[in-house]
Amino acid sequence: MLDVSNLSVRFGDAYALRDASLTVHPGDRIGVVGESGSGKSMLAQALMGMVPESASMSGILKIDGTEMTRATEAQWRALRARRVAMIFQEPLAALNPLRRVGTTVMEPLRTHLGLSRTQARARTLDLFEEVGLPDPEQRLAAYPHELSGGQRQRVLIALALACDPKLLIADEPTTALDAEVAQRITDLLVRLSRDRAMALMIISHDLQVVARATRQLLVMYGGDIVERGETRKILSAPFHPYTRGLLAARPRPQLARPVPGTKRPRLPTIPGHIPALVDLPAGCRFSGRCPAELSRCRTTRSTEFRTGTGLAACHLLNPAERSKS
Amino acid sequence: MRRFPVNLVLGAALAGSVTLVALLSFIWTPYDHAAIAVTNKFASPSFAHWLGTDQLGRDVVSQLMVAARNSMIVAFVSVVLGGGIGIVLGVYASARGGWVENLIMRVSDLSLAFPALLFAIMLAAVFGPSLQNTVIAIAFINIPIFARISRGAANQVWTREFMLAGQAAGMGRMTLTFDHVMPNIAAAIIVQATIEFAVALLAEAALSYLGLGAQPPAPSWGRMLSDAQTLLYLAPQLAIYPGLCIVISVLGFGLLGDSIRDLSDPRLRRER
Amino acid sequence: MTVLLQARNLRRTYPRPRTTLFQRPEPLVAVSGVSLALERGETLGIVGESGSGKSTLARMVMGFERPEAGQILFDGTDLNAVPARELQRLRTKFQMVFQDPYGSLDPRHSVGWSIAEPLRAARIDNRPARVAEALEQVGLNHGDAARFPHEFSGGQRQRIAIARAIALRPALIVADEAVSALDVSVQAQILNLLMDLQEDLGLAMLFISHDLAVVAAISDRLLVMKQGEVVETGATADVFASPAHAYTRSLLTAAQVAPATGSSPASNRKVPA
């Protein structure tokens, strides 16, 4: 349903997203992980047609077969909510504090789908039930501040589902929530994707959320998709040096100091820091920080090669490179 | 989306030209503003007298220029004075908190509720009308206004983490007020001061119009307006000129203040 | 080793807003009956979710808030029983690192100015040299002192905040969610920095976070808080090997990166958040 190839978003000469390609089928559950400046949020914005005006977009972005790269705002409006919908990190900020949440969810039903007041109300009740809000009748009349963080996120999910989107993009959906609530919201998203055969894209820096909810994984760094494949496989056997560094850097309970008094083990780190968009190296974005860097990495970007677990954009995988060494 | 800032440019142009004219009057006016020439009264605009002369034959342009200077001095001194006291009270209230804050703010609410004009009339009745008393009256009304906004802005700064960090460093609340609160509320206060400056110009004109402000021969737009009132049928232009001056300057500074506020309002602009 | 910080039976409540005229609502109990002891050079980790009272505890230890009941002893002195001047002097011995690297530095002052702030408060001379030393200890350049916070990344800003905390050469650092706002790779760098500094300078540290994995990486002992109370405490390794409380076990499960399995654990149930 979604076909993206060589999609780029540029601010002047600085790429926020460089030649991203992916396809999404109904029912897919895709995780996108990366750190600040990785381009993961820009990818989401591009898929929603919400790229900032100061940016220029190139490449191909097809939604249900329609080319959208040069679509007008009106064309996007017709598509958003009905085809692609999005939920955000901070549910409180995304809801109008002066509006009952029922009214908020009913609005798109009435304007986009042309339902009557009673129909919209009944539909909202169904949606609230579907997203697991307790006492949906009462919740209709509640104001955002009267709900807990998890309940607010459920309301936003109901709102996103109102017009039956085929793809739901969740940008850091659980970052503002406590661990237990985060798990329930994650599980809810999985269930909805399954029940509705709706594609789900979870963008997160949190590997736990992605591991729990998605089947496919895109790893991003500096605007590039550096590795992709099955979530489970990549998490257990990452190939790209960046993915490896990222996974290793996460503190794990096993790393707890074994015996008090002994020197505490240090966490493995990626040297250096994430460069600003304008300072990114021209070739592989990870060059300069990569422990396995080759001479050509800095200047040429690698195409994607097959790894044991999927695909990765890394010269180390190039058969020609391997025969040399 | 970036729009051309019409209000800012217009406000800056109007306020700027009024200020320039007022400054110019210190070194040059076409004539002595008080020079009477009864033989040449109610002259029409001409090359010699750009806007003509008044009922005593005085040059209107010269009078308007000196009046601009007087009005702006009154407005400036009263805003600086009232603003200064108000800001000190406001940031002190915010730093102390508790009953001190409550006391200061309730008293300032009370004085906000007292009609400003009535206070000025009272002051003039007791001490006699003069420019000095006009300044005091306008300064006084400005105290609670500035106390309020600086306390509000300061309270916001106090919620920031660097204030806790400063406390952890062992700095006292007053030091923190100077080091962190003042620089961070300066922008908000400058905006407010620009707006209050416009209000003070208007207040000065109103008081002079009522005869409570500038006394003859010191010219003032308000007094020129009230002098021209009796001659409205004979020489309506004498009322229109000072009226226009009031409108232009109040509009200029009002627009300027408003548009600076609008520009600085999205405070959530985070540099990343 | 000797005890540096001791808290006994701390309690702190906050009044709730009135909803009816005649009834005062029950106050919100933020911290209740919390005791802890921290030895010199030791790291105590405090884990809990939002609302567990861990931040209130930090604020009381820092002397920003008074406990309603209980005592906080720093090096044997009761923080809330000494005159303000004495507290000011004691303050130089314990410093704090905050969560938000964007909010904990005043954008209007240079980095060097901010790092020197505690030095000024303590009337220490030779400040530029001390600032340069602190900057180098956290892996920044002494020339960075003249730059402003917005010129730095989140991780670098957190280094600056740490430099400010260690500039006074304190005995204790309270770190409240100090790495929570950082990217994973940056987080690892900052955690390592804190471990290095702690070992080099012999610091004691109270490390507070909602993330059990992060706390475990850095702490000698753990204290698990829930709804204002301590539910479990012990050496980190022991708590991990055999968590006694159900809540600790659930936190432990949540901290594991669980591979996605074919069947979702929640496919047939609806649980309200």
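This is a predicted model: local features need pLDDT of at least 70, side-chain atom pairs count only at pLDDT 80 or more; totals for chains, interfaces and linings use all residues.
Trainee: How many bridges join strand β9 of chain A to β10(A), and in which sense do they run?

Mentor: Strand β9, residues 216–221 of chain A, is joined to β10(A) by 6 bridges, and the two run antiparallel. Within that pairing L217(A) stands opposite G229(A) of β10(A). The two strands form a hairpin with 2 residues between them, and in the turn G222(A) has a positive phi of about 55°.

Trainee: Why is strand β10 of chain A called largely enclosed?

Mentor: A residue is buried when its relative accessible area is under 20%. In strand β10, residues 224–230 of chain A, 6 of the 7 residues are buried, so the strand is largely enclosed by the rest of the structure.

Trainee: How do you know whether D224(A) is buried or exposed?

Mentor: Its relative accessible area is 3%, and buried means under 20%, so D224(A) is buried.

Trainee: And what makes the contact between R301(A) and D224(A) a salt bridge?

Mentor: The cut-off for a side-chain nitrogen of Lys or Arg and a carboxyl oxygen of Asp or Glu is 4 Å. The side chains of R301(A) and D224(A) meet at 3.4 Å, N to O, so the pair qualifies as a salt bridge. R301(A) lies in the loop between α11 (241–249) and β11 (304–306) of chain A, while D224(A) lies in strand β10, so the pair ties together parts that are 77 residues apart in sequence. R301(A) itself, at 28% relative accessibility, counts as partly exposed. R18(A), D19(A), D224(A) and R301(A) are linked in a network of salt bridges.

Trainee: Why can such side chains pair at all?

Mentor: Side chains of opposite charge can pair when their charged atoms come close.

Trainee: How many salt bridges does a search of the whole structure find?

Mentor: Over all chains the search finds 33 salt bridges. One of chain A's examples joins the side chains of R196(A) and E130(A) at 2.7 Å, N to O. That pair links distant parts of the chain, with R196(A) in helix α8 (residues 179–196) and E130(A) in helix α5 (residues 117–130), 66 residues apart.

Trainee: What separates E180(A) from R184(A) in helix α8 of chain A?

Mentor: They are 4 residues apart in that helix and are therefore separated by about one helical turn. Their closest N and O atoms are 3.7 Å apart, and they form a salt bridge, because the limit is 4 Å. E180(A), at 38% relative accessibility, counts as partly exposed, and R184(A), at 25%, also falls in the partly exposed class, since that class runs between 20% and 50%.

Trainee: Which residues have the most contacts inside the largest nonpolar core?

Mentor: This core has 74 residues, and those with the most contacts inside it are Y242(A), I115(C), V138(C), I162(C), L191(C), F207(C) and L212(C). Helix α6, residues 184–201 of chain C, gives the most to this core, with 9 residues. Domain 1 (25–55 + 70–221) and domain 2 (232–252 + 268–324) of chain A both give residues to the core, so it lies between them.

Trainee: Which residues does F207(C) contact, leaving aside its neighbours within four places in sequence?

Mentor: Its contacts include T43(C), L44(C), A175(C), L191(C), L194(C) and I218(C). A second, separate core has 53 residues, among them A205(B), L207(B), W221(B) and I246(B).

Trainee: What makes up the secondary structure of chain B?

Mentor: Chain B has 9 helices and 0 strands. Of its 272 residues, 46% count as buried.

Trainee: Which strands pair with strand β1 of chain C?

Mentor: Strand β1, residues 3–14, pairs in the antiparallel sense with strand β2, residues 28–39, over 9 bridges, and in β2(C) the bridge partner of L10(C) is V34(C). β1(C) is also joined to strand β4, residues 69–74, by 5 bridges in an antiparallel arrangement, where R8(C) stands opposite Q71(C).

Note on methods
Residues are numbered from 1 along each chain as its sequence is written. Chains are lettered from A and ligands numbered from 1 in the order in which they are written. Side-chain values use heavy atoms; hydrogens and water are left out. Buried means under 20% relative accessible area, exposed over 50%, partly exposed in between (1.4 Å probe, protein chains only). Two strands pair if DSSP finds at least two bridges between them. A nonpolar core is a set of buried Ala, Val, Leu, Ile, Met, Phe, Trp, Tyr and Cys residues joined through side-chain atoms within 4.5 Å. Domain bounds come from an automatic or database domain assignment. Contact means heavy atoms within 4.5 Å.
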